[in-house]
Amino acid sequence: MDSVAGWGLAAFGGFVSAVAGPGGQLPRPCTVLVLLNPRGGKGKGLQLFWKQVQPQLVQADISFKLLLTERKNHAREMVRAEELGCWDALVVMSGDGLMYEVINGLMDRPDWETAIKKPLCSLPAGSGNALAASLNHYAGYEQVTNDDLLTNCTLLLCRRVLAPMNLLSLQMASGLRLFSVLSLAWGFIADVDIESEKYRRLGEMRFTLGTFLRLAALRIYRGRLAYLPVGVASKKPTGSPLEQQHQGLVDAHLVPLEEPVPSHWTVVPEQDFVLVLALLHSHLGSEMFAAPMGSMAGAMHLFYVRAGISRAMLLRLFLAMEKGRHMELDCPYLVYVPVVAFRLEPQDGKGVFAVDGEMAVSEAVQGQVHPDYLWVVSGGTESLPSLESQPLPRL
């Protein structure tokens, strides 16, 4: 299959200057590169693009070039080699995994400091679509799925408004460095995400099926968890930032994994968990309103569920999550805290990590948020609330 599927509107020459900054907007007219996974979700992404997205782009005076991904990490390779100056924005049409590839491809580049500032747009055509659902929520739209969510996100692209978004830097014990725009999950959620991959043709229903299957064989995961709470982080930065071997973004709150966490971090006394989730946004899926407290500049939502929770209560939590009401259940096994950094060290080898829905080996990992580090097409800068503008949620 030829990865170049076609050109939108008309060919063009020369270079397009990047647009980013407070209150920034994409120009009119503008040109975008669309990266689309034709096998994402139910496998109808290409059909949806030509039927639903392309007509709106024409009306909005947005030219495009469409590239189809052919294999895992293809988008990462293309973004790493692409002449980004030709495009006003990169449009990613698939599930959350393709955006993960694009972000890491941008951070692989020698010019990563400028490359990561290239405006991004998420158009949902996968099965999870958590980032798109979050941006839809921030824009003030009702929670919707499938074609309605795609329509809303395409409308945001046509409106051209940009907003800053957090980046999560992750360091693995093996030396691997990853970058996330959504989440890191371990335990129940990660297993459901990865194990349900075989049912991806079911779309969002794959997660419902996977949840019931994993509930029937509920696991306990042993590990050590520590975190840097939001309030403490602003007062006590780490004395000597951890230097990186590559990708020069410095994680100032982290120390080497072989060293103990700094004394001002909180160490969770429990070591038996059902799940641990570090989440940057409001949604974990288009119908999973996991963090109704919203996005926070420079922080992420850390949830964990301690061992001992019943299957019935765990099911109640996930059912209530559809409307964002799981925190109202006051479940004593569910803990939530806003943090800027965390460390997780699995002890028994069970389970895997899911980073933005993509599988990663279960090993010691730590990460920290870099606030407002990239630019996304959104409903407006006011739709991504800053940490200073809202009260901290009750722990």
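**Close-up 1. Helices α2 and α3 cross in a right-handed manner.** A crossing is right-handed if the near helix is turned clockwise from the far one by less than a right angle, and left-handed if anticlockwise. The structure is a predicted model, in which local features need pLDDT of at least 70 and side-chain atom pairs count only at pLDDT 80 or more, while totals for chains, interfaces and linings use all residues. Residues are numbered from 1 along each chain as its sequence is written, and side-chain values use heavy atoms, with hydrogens and water left out. The axes of α2 (residues 74–81) and α3 (residues 96–108) come within 7 Å and cross at roughly 35 degrees. Axes are lines fitted to C-alpha atoms, for helices over the stretch in contact, and angles between N-to-C directions run from 0 to 180 degrees. Helices (H or I, at least four residues) and strands (E, at least two) are DSSP runs numbered from the N terminus. From α2, residues H74, A75, R76, V79 and R80 take part in the contact, and from α3, L98, E101, V102, N104, G105, L106 and D108; contact means heavy atoms within 4.5 Å.

**Close-up 2. Helices α1 and α6 pack at an angle of about 30 degrees.** Helix α1 covers residues 45–59 and helix α6 residues 146–159, and their axes are 10 Å apart. The two helices are therefore roughly parallel to each other (angles under 35 degrees). In α1, L48, Q52, V53, Q56 and L57 meet D147, L150, T151, T154, L155, L157 and C158 of α6. These residues divide into 7 nonpolar, 4 polar and 1 charged; Ala, Val, Leu, Ile, Met, Phe, Trp, Tyr, Cys and Pro count as nonpolar, Asp, Glu, Lys and Arg as charged, and the others, Gly among them, as polar.

**Close-up 3. Residue C30 is in no disulfide.** The structure holds 0 disulfides (pairs of cysteine sulfur atoms within 2.5 Å). For C30, the nearest cysteine sulfur is that of C158, 8.8 Å away. C30 counts as buried at 1% relative accessibility, and C86 counts as buried at 18%. Buried means under 20% relative accessible area, exposed over 50%, and partly exposed in between (1.4 Å probe, protein chains only).

**Close-up 4. The peptide bond from R28 to P29 is cis.** Its omega is near 0 degrees. P29 lies in the loop between β1 (4–7) and β2 (30–36).

**Close-up 5. D356 has a positive phi although it is not a glycine.** The phi of D356 is about 55 degrees. D356 lies in the loop between β14 (353–355) and β15 (358–360), and is buried, with a relative accessible area of 1%.

Definitions and conventions:
Angles under 35 degrees count as roughly parallel, over 145 as roughly antiparallel, 65 to 115 as roughly perpendicular and the rest as oblique.
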